[in-house]
Structure formats: C-alpha cells, structure tokens
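Subject: Structure handover

Hello,

Here is the structure you asked about, with the sequence. My notes on it follow below.

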Amino acid sequence: MPNIPTADPAARSRAPWWFNLSGHLLEPWVRIRRDPAEPATLLKPDTPACYVIERDGLSDQLILERACREAGLPSPMQPLPGTRRRRSLFALARRDGRLLGRDRSRPPHELLSQLARLLETDPERDVQLVPVSIYVGRAPNRDSGWFRVLFSENWVMVGRFRRMLALLLNGRDTVVHFSAPISLRQVLAENAGAPPERFARKIARVLRTHFRRIRAAVIGPDLSHRRTMVDAVLNAEPVRAAIASTATKDGISYAKAWQRAHKMVLEISADYSHPVVRSLSFLLANFWNKLYDGIAMHHFDKARAATPGYEVVYVPSHRSHADYLLLSYQLHISGVVVPHIAAGVNLNLPGVGPILRRGGAFFLRRSFTGNPLYSVVFKEYLAQLIDRGVPIEYFIEGGRSRTGRLLAPRAGMLAMTVRAFLRAPRRPVLFQPVYIGYEKLMEGKSYTGELSGKPKEKESLLGLLRGLKVLRQRYGHVALNFGEPIALTPLLDAASADWRSEAADPEAKPEWLRQMVDKLSEQIQVNINRAADVNPINLLALALLATPKHAMAEQDLLAQLELSKALVEELPYSDRVTLTPMNPAAIVAYGEQMGWIRRVRHPLGDVLVADDEQAVLLSYFRNNVLHLTATAAWVACCFLNNRRMTRASVVRLGRIIYPFIQGELFLPWDDEGFAAQVQAAIDFYVRRGLLESLNDGRVLERSAGQEDGAYQLKVIARSLIQAFERYYITLATLAKHGPHTITAAELENACALTAQRLSLLDELSAPEFFDKALFRGFIQKLRERQVVWTDDDGKLDYQPALEDMVRDARVILAREVRHSILKITGGDGDKEPRAEAVPPTPMPVEATPAQPEPATATAEPNTSEELHERHVAAEHHEHEHAPGSHRQD
C-alpha cells in the first residue's frame, strides 16, 4: 500500500474558534458527495499538498475542510510547510471588502511566486497543487422545490447572501470534485529559467482553464449570453460574404441584408438557461412519473467513459416527441451536460418555443432550398456550437418513424457537422447512437392514420392542448440503450489520407466527402439497431401478428415466447442488445395489464387475442426488433412452402436476398457474416428440433405442417414475409410494364397502390405494408445492384433476369399470394412457370436426376442435392397447401 497522506487531527483545533463553530452550524445543512469517492489515491505520498478552490468564500472553505476530513486527506487548515501561510489553501478569485465586496479575478501571484522561489532554493522539495471544484445544487432531484431550482449551481459569481440561500436550499446536493494534483517541481523544470512572476502567471492561467473545463463538463458551457453567439455568427466571414451577396442580388442595402441575417440567427439560436434547465428537470420528474412506470438506461457508463476530450453528437432513433425530453432529462440527472437539440421550426410554438430554446433547443427549417443566406447562417451557427465544444443532439432520420423501423437517414445535418469540423479540427467529434424503446406510444393512433393516407396534423398550440388527454394513460417502461460510439477522425483517415490539407480551403468540396457522410449515416443506423431493447410488447407483437386473426392458444403463445427469447439469447445480435427478464407467463400477464391483448375463456383452453385496432398499433413494436430475428426468419421462410431443402441452398439463396433485407433493416454483417449467421440459425433450429438434419447435415427437413415444430417455424417466418411480398410486388409491376415505360416515382406509386389494395383484400393489419418509403428503398437498392437503371428519358430499364426473379418467387411465396399480386398488377398468373411435380424416389439424394426450375434467376442448380431439393419442394408445395394439411392459425 502506498503511503497516502492522512488528515492531521490537530489541524481543526488550530483553526479559529469561529471557523470551527461555523462548521458545526453548517454541517446539518450540507451533504457532500466526493468525486472520486476516494480522492486520497490521487495524492502523492510524503509531498505537501496545497488545495486550490475556484472562488473565495467561507462556505467553500468549510465544505472543503469537511470533505478532506471525511476522505482522510490532509486538512486545508494546517500551515503550508516552507511558507508563511497559515493555511494549505488559496482561491483563484478573491473578494474585496467585508460584507458588500465583489468577486474579482485576483490570481494569487504572490503565493505562487513565493513557492517557486522556495523550490529553487531547495531542489529536493516539491509541493502538489490539488484543484478542488465545489458545486452546490448541481442537479436537484424530483423532491426539490421551484425555489431550490433557482438557487442551484451556475456560471454566475454569486454574492454572500445568494450563496447562503443556495446552501440552505440545496446544500444536501453538494458535489466536491478533486482533480489530479499538479507537481510544482515538474512545472518549474519545464519552465527552467523563467522568472518566478512569469511562472506564477502561467500556473494561474492553467488553473483557470482547468476550472472552466470542469465546470463546463458538470453544468454545461457558459452560453448564458445569447448575444455573444449571435454576434459571433454575424461577424463570421462566410456570413458577411453571404450578406453582401444577398444585398447585391436583391438590390438592397447591406444594412437591410444584415437585418435579415440577424432575424434568421435569432430564429435559429438557442437561449440556454441553467435555471430553466433545472426547472424543466423538476417538472419532468413528475411528468414522467405520471406517464411511465420506469425509465432505464443501459450501457450509459460505457458511453460516458468514451466521451472525455470529444465534441459529442448524440444521434438517437426518433419515434416520439418525447424523445427530445427523455434523453436530455436522463443525461441531466446522470450528471452529464444537456445537449443542444436541433428541432424543427414547427415546434417553435407560442409559449412553447421560448421554453424549449432555454432548454437548449435550436430551430431549423425543413428546407434550405432557395435561401442561400439562411443556409450559410445556419451552418455557421452549427460550426460555432461545435467549435465551442457544446454537445449536440439531432435525429438523422429527419422525422419520427411512423412504422417502428429506422428510416433511411437524411445526411444534411451530418454533412454540416463534418464540414464544421473540417473547418476547425481542434476538438475530435464523437457520434453517440442511442436506441429509444417504448411499450406504448402517445402518437400511436395518429401514426396509423398517417400511414393509411390521412394528412399529417400540423403542430399547433391548440393541438398541444388537445393532446393533454394522453396524460390520463400509462405508457409502461422506456429504455434508452447507448450504442457503440463512432469517432469521426478514423472515418476521415479511411476516406482520404490528405483530408487535413484539403480541409484548409473552406470552399472545397472533396469528392470523397459525400460517400464518407453516407457511410457514417449508415453506420449510425446500424449501431442504433445493435443496441435494441427487446421488451415484452415486442415479443407479443412478433408472435400474435404472425397469425391471421392475431390470436393464439395460450399454450402455443407461451411456447412461441419462450422460443423467441431463446433465439435472441442463443443467437446474439450484439453485446448491447437487452432482453426483458420476464418469463413467458409474466409477459402474457403484462400484455393484458397494458391493454394490448385480451383473454378469451374457453373450456378447451384460453385464447389470447389482439383486437384489430391494437394489432395495427402492435405492428409498430414488432418492427422495432424485426432486425434481431431477420436471419432466423429467412431460414424459416425457406420452409414455408418447402418441406426439405439443402443447407447450401438456404445459405446461397440468403446471400442473394441479403442486400435488400440489409438495406431495409440496417443489418450489420457483410456477405460472409450473414452466411455465418444463417448457419448459426440453422444449427439453432436443429438443436430445438424444428428442423432435422439429414445426409450428414447437407439436407434439412421440417416436420409435417400440422405439427408444433412446423407451426413455430411458420410464426417466425411470417414476421419477414411481408418484405418479400413487397419485393415481389415491385418486380411484378416493373415486369408487367416492361422496360423504358415507367419512371422510378411512377413505379413507387403503383407499388404502394397495389400493396394497399392487397392489404384491403387480405385484411392485413399493417399500414406500413404499403408505405412508399419502403418501396423507394427497395427500388434504390435495385439500382445500386444494377438490376435496374434509368435510361436517357428517365424511364427504368432492367436486366432480362428480373422476369425470372418474378417466376422464382415460388421458393418463398405461396401460389395464392403470387397470383393475387399478379392479378392486381395486371400480370398473367396463368403464364407463371410451374414446377413439375415429381413423385418421391427412394434413390439417394446425391443421385436424384430430377431437374425442376431453378430456385433463383442468377444461379443454376450446381449439385445433385439442389436438384433433389427442388423437385421435392415442388412435390411438398402441393401437399402442404392441400385442405387440412396446415395447423389452424
């Protein structure tokens, strides 16, 4: 054990009697939390310690003395060896006057110069300066009153009376932060030959910078003066040039153009207020208690450990208006600075906008098109925030997800962030993905209406007041999972080794920049999905929505829930995925309690049902976690209409379909990684007895359609089958129109209408089935894969193999589904090739000579096993769709 300095018991007795009396009087009002909890480990043994506090004041001295005593540290009230000082303590800011004096920045140059001369005369001596930051009322808890919030810690140098009130009201929430000591001997050696006065000024400057950095990390940067930010933006060279350009272009004076820019920056900028943030914290504590049963944060300690030294940009998923407040609130009560949040200007409502501004919101218009001055002003404002080290939060999806899936990223804010860093790469940038998971949404019904074609209701103060009725309901639990952070600098290094020199020109637009930003946006979405939280409602939705009437016998539902939990646990998607600890019976009971499902009593066994309206809303929560089961669902899909397939075919066909699933669900693996996941899923099914491995593992066979194993496979498969139906609709519609006849936008619209009609005919309770954004993403992926492309007239052309892909959909989709789609799109279902049914043969698999149609358009059968699998698939396709061959859903 090192010889750690300990407190001198006699030090307190040497303090003046009035000091000891004041300490006794203050003690009941103050509760101290030390950071770190054991600061004695920071100090060097056998070296005198001198404490440095930020502000002079009796209360700070009393708090420091008590904190040192409780931590077993040397007392600040004992003399400093080798000097004439009676205390081992000094403050950077000292007060002039007795009662009505004001704080002045008067660095203790005399003491520091004296210490420097002492060390010069005695080369063996050293003194360690220990900076100590004291914060009274850093984060009032939910029991705090409004008055206490107003007197919590901030950047203002308060007077004695205000400090006394702060201690009386918030003293029980006092934080004493001990920093690593500074060796004066080491600093003196680094500045050999410097006069003691210059040495003293340098030490004081280092300490001032240190205290500002610690205060910014604890309570946020000093942005209390909004006008300083506004002036900085308007005085920036790019903004001045844009103002001059606007004046010339519009034929107005420079002063009038300046007024436009001034109005714009006031519209944009936040007006951050520490008292308001603390007031909102107090309000929200009660608000969350009324709405939610609990808010959980996972992997936050990892996120906090990764952020020191970085400009942090929080990039959460966006599913509710509550996202803004939830993340900021949780960060605040966890002792982390509240980020500045980019919010749509539609939220700048009367009465609401000013409060949000003071809570750190800055507003942006939905489009910058046609307004170059606004674009330059906003970019400069964002650059100023980044340059000042202000944490930022924005949603790269652009808007709230109406389907529960992550939306395709809109990289505008990311691009502006990257360009701001390139302009002044002083502080490295770290993007922190955050997954936000709910068990019930306040906006659920409005999302369903918007997906069904109703116009989005514009935000208004009246709409906000009408929405207060949601406070009468309970919304279960919320999870905030912090994903793997993404550092910007390594991505820039990978994109261009010369990015630093290229960034010297602020007008430069490197060719690699757009591709790098796109890669960054994709990686953020992937990392959000890798931090998913699987709650009870997610699991219920995965099971019940896979049945035609959204109902299951209780025993079947319990078995399916157990299987789903085992799948998530035994096929880990990521080490940051969290799973509900509830057992299947508790999950069912919780679903009933939340009102998502109801129980129908029956003599032969109870049935659990999700009513039609609830089923539509449950699709949102199924989609939250669809990516976690996508690989297992693909394998199960292969056995929906086929009793037997080779393992190699399942993997090979998966490689073909994977790029499209990956683009839709932001899956993390490359081609080889996905193949390994497919193999793992197959092994999982074999272990569970859902598939049987034949011929030394080369052939896979499921049980008959009416057995439990086949039923469980079908439930898993149907979570993904709608994606394949959308793909088939797109391919069939394009093939029906032919090449050079339809644009991408026209194809997207035709596909959405087809899916909507199919949904009406088949009573699909999933409005996202005909969401245009999903069709748009699939068409874009087809273009990236060069399956389709645009001709000179803007029409779509495609490879001849596309029509074969339409016919080959029989591997996954049932015949009646294919024919329904072809009938709606106008195709001829009777012309679809049919596989020739071949009777069973006792011949070995390797010697089976049958050659039915290929399973894909891009690969012919290349093994006798695949030939056998395909003719057996055709045989069992007819058998499995015979009347009475399926278990009733």
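A residue is called buried here when its relative accessible area is under 20%, exposed when it is over 50%, and partly exposed in between. By that cut-off tyrosine 324 is buried, because its relative accessible area is 13%. Please keep in mind that this is a predicted model.

The whole chain

The chain has 889 residues, of which 55% count as buried. Its secondary structure comes to 36 helices and 25 strands. Among contacts between residues at least 6 apart in sequence, 76% join residues at least 24 apart.

Aromatic pairs

A pair of aromatic rings is described by the distance of the centres and the angle of the planes. The count comes to 24 aromatic pairs. In one of them, tyrosine 324 and phenylalanine 395 have ring centres 5.2 Å apart and planes at 85°, so the pair is edge-to-face. This pair links distant parts of the chain, 71 residues apart: tyrosine 324 is in helix 14 (residues 322-333), while phenylalanine 395 is in the loop between strand 12 (392-393) and helix 17 (412-423). Phenylalanine 395 is buried, with a relative accessible area of 10%.

Phenylalanine 368 and tyrosine 374 form another edge-to-face pair, with 5.1 Å from centre to centre and 75° between the planes. Both phenylalanine 368 and tyrosine 374 are buried.

What else surrounds tyrosine 324? Leaving out residues up to four places away in sequence, tyrosine 324 touches His318, Ile341, Ala342, Ala343, Leu347, Glu393 and Phe395. The C-alpha atoms of tyrosine 324 and glutamate 393 are separated by 8.7 Å, although the two are 69 residues apart along the chain.

Ring pairs also join Phe287, Trp288, Tyr292, Tyr329, Tyr438 and Tyr475 into a cluster. Elsewhere, lysine 440 lies over the face of tryptophan 596, at 5.7 Å from the ring centre.

Helix 27 and other buried positions

How many of the eight residues of helix 27 (residues 630-637) are buried? Eight of the eight are, so helix 27 is largely enclosed by the rest of the structure. The buried residues are Ala630, Thr631, Ala632, Ala633, Trp634, Val635, Ala636 and Cys637. What covers them includes helix 24 (554-570), helix 28 (647-665), helix 29 (671-688), strand 22 (691-694), helix 30 (708-717) and helix 31 (721-737).

Lysine 565 is found in helix 24. Is this lysine 565 buried or exposed? Lysine 565 counts as buried because its relative accessibility is 11%. Not counting residues up to four places away in sequence, lysine 565 touches Leu539, Leu579, Thr580, Pro581, Met582, Asn583 and Ile587. From lysine 565 to methionine 582, 17 residues apart along the chain, the C-alpha atoms are separated by 9.8 Å.

Threonine 489, in helix 20 (residues 488-495), is buried with a relative accessible area of 19%. Apart from neighbours within four places in sequence, threonine 489 is in contact with Phe421, Pro428, Trp499 and Arg500.

Trp17, Trp18, Leu21, Leu25 and Leu58 make a nonpolar surface patch of about 590 Å². The largest share of the patch, four residues, comes from helix 2 (residues 17-26). Leucine 58 lies in helix 3 (residues 58-71), and counts as partly exposed at 39% relative accessibility.

Backbone points to check

Most residues other than glycine have a negative phi, and most peptide bonds are trans. Proline 36 lies in the loop between strand 1 (32-35) and strand 2 (49-55).

Histidine 550 lies in the loop between helix 23 (536-544) and strand 17 (551-553), and counts as buried at 6% relative accessibility. Aspartate 696 lies in the loop between strand 22 and strand 23 (699-702), and counts as exposed at 76% relative accessibility.

Regards

How values were computed: Residues numbered from 1 in each chain as written. Predicted model: local features only at pLDDT ≥ 70, side-chain atom pairs only at ≥ 80, totals over all residues. Heavy atoms only, no water. Patch = residues over 30% accessible without salt bridge, like charges linked within 9 Å, V, L, I, M, F, W, Y side chains within 5 Å. Areas by Shrake-Rupley, 256 points an atom, 1.4 Å probe, with all protein chains shown as cover. Salt bridge = Lys/Arg side-chain N within 4 Å of Asp/Glu carboxyl O. Helix = DSSP H or I, 4+ residues; strand = E, 2+ residues; numbered from the N terminus. Buried < 20%, exposed > 50% of the residue type's maximum accessible area, 1.4 Å probe, protein only. Phe/Tyr/Trp six-rings, centres within 6.5 Å; stacked < 30°, edge-to-face > 60°. Lys NZ or Arg CZ within 6 Å of the ring centre and 35° of its normal. Contact = heavy atoms within 4.5 Å.
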